[in-house]
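Keep the picture open while you read.

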Amino acid sequence: MEFKEVVGTRRSIRFFKPWQPVERQKIQKILEASNRSSRSMNADYAKAIVVRRQDLPEETLEALRNPTTTADLDLAPVYIFWYLDTNYPQGGADRLKELVENHVLTPSHGWSKAYVDEFLWPQVLKPIADNQMAVMFMGTIEVGQAIANALLAAVDEGLGSCLHAFTAPDKVKDLFHVPDSWIPIWLQLLGYPAEEMAAGGQRPRRPLSNNYFEGSADTPWEEDLEVTESLKKDKLIQDPGPFPHREMEVKMLSRMFGLPE
Ligand SMILES: Cc1cc2nc3c(=O)[nH]c(=O)nc-3n(C[C@H](O)[C@H](O)[C@H](O)COP(=O)(O)O)c2cc1C
């Protein structure tokens with residue numbers, strides 16, 4: 001699938017085919033896409049544990065339920081538990097110097113091994129590493145980037161995916177041997193969609209001018225309508241929901257899975 005179509009087709013899928021396993025190869029592709037996400041200090045912020053629902057003990061499945069809706073937990077055959085490893089700053093100076101060696105960070109932009117050792121690490125990055133709030137702030141963004149790649153890669157593999165609150169992480173900590181430095185972030189559900197990939201149409205979004213600005217915060221971004229049309233052709237912008245048959249689609253799926261209509 002082309003990039004723009006992947007972005008346009010991604011949406012949260014909540015009806016999965018519980019009977020169709022996800023190929024391990026596809027999961028590897030998703031993890032690799034995630035591993036390619038941009039990250040400051042070239043650090044390993046995100047950690048993910050892939051588990052097949054069928055391998056989880058009944059009491060763990062029960063503990064993962066929460067006051068939010070949980071039918072998608074019952075349907076998704078694969079769970080990816082996302083964590084932030086708060087140890088990510090460790091080795092930061094060495095990783096940056098590796099980038100200097102690889103001519104990624106270059107003298108043209110002020111980089112050198114001495115700059116890392118004598119200024120950047122002790123004056124900027126070490127103080128961040130020693131500040132728990134800063135570690136959390138930076139880390140959650142980086143894990144978010146890793147998850148975003150994983151969500152898009154799932155679409156590219158013809159799979160559905162949805163993020164879900166990661167409830168009761170203490171109940172899986174021992175089961176998965178999770179190190180103390182890992183903080184639970186989100187649970188990603190993965191599987192073949194039982195609903196159409198279009199899932200009733202593209203989600204409502206406010207126009208660009210609501211959220212994006214040019215030059216100053218009081219000058220909304222003005223769309224070039226030709227560009228907007230080209231994005232429709234490339235399927236980044238798709239038909240908005242709800243499709244006329246969406247209500248019936250949901251009703252029939254709910255009936256099949258024994259869920260409330
Ligand atoms: C960080 C994050 C957490 C989310 N948590 C949940 C959740 O717990 N339960 C759920 O049904 N959907 C969850 N969602 C999905 C959103 O509700 C979803 O973004 C919304 O339905 C429409 O956007 P989308 O279909 O384009 O993803 C989450 C999404 C994000 C990005």
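1. Which residues are around the ligand? Bear in mind that this is a predicted model. The list runs Arg10, Arg11, Ser12, Arg14, Asp72, Cys162, Leu163, His164, Ala165, Trp186, Arg203 and Arg205. Sorted by class, that shell has six charged, four nonpolar and two polar residues. Strand β3 (residues 160–164) gives the most to the shell, with three residues.

2. Now zoom in on some atom pairs. The side chain of Ser12 has an N or O atom 2.6 Å from an oxygen atom of the ligand. For Arg10, the distance from a side-chain N or O atom to a ligand oxygen is 2.8 Å, and for Arg14 it is 2.8 Å too. On its own the ligand would expose 610 Å², and the protein buries 65% of that.

3. Next, leave the ligand and look at the protein's insides. In soluble globular proteins, nonpolar side chains tend to be buried together. Here the largest nonpolar core has 34 residues, and Met41, Tyr45, Tyr88, Leu96 and Leu190 touch the most other members. Elements giving two or more residues to this core include α2 (24–35), β2 (78–85) and β4 (182–191). Helix α7 gives the most, with nine residues.

4. Tyr45 deserves a click. Leaving out residues up to four places away in sequence, Tyr45 touches Arg39, Ser40, Tyr83, Leu84, Asp85, Tyr88, Met138, Gly139, Glu142 and Val143.

Notes
Residues numbered from 1 in each chain as written. Predicted model: local features only at pLDDT ≥ 70, side-chain atom pairs only at ≥ 80, totals over all residues. Heavy atoms only, no water. Core = buried A, V, L, I, M, F, W, Y, C linked by side-chain atoms within 4.5 Å. Buried < 20%, exposed > 50% of the residue type's maximum accessible area, 1.4 Å probe, protein only. Helix = DSSP H or I, 4+ residues; strand = E, 2+ residues; numbered from the N terminus. Contact = heavy atoms within 4.5 Å. Near = heavy atom within 4 Å. Polar contact = N/O pair within 3.5 Å; in protein donor to acceptor, adjacent residues only side chain to side chain. Areas by Shrake-Rupley, 256 points an atom, 1.4 Å probe, with all protein chains shown as cover. Nonpolar A, V, L, I, M, F, W, Y, C, P; charged D, E, K, R; others polar.
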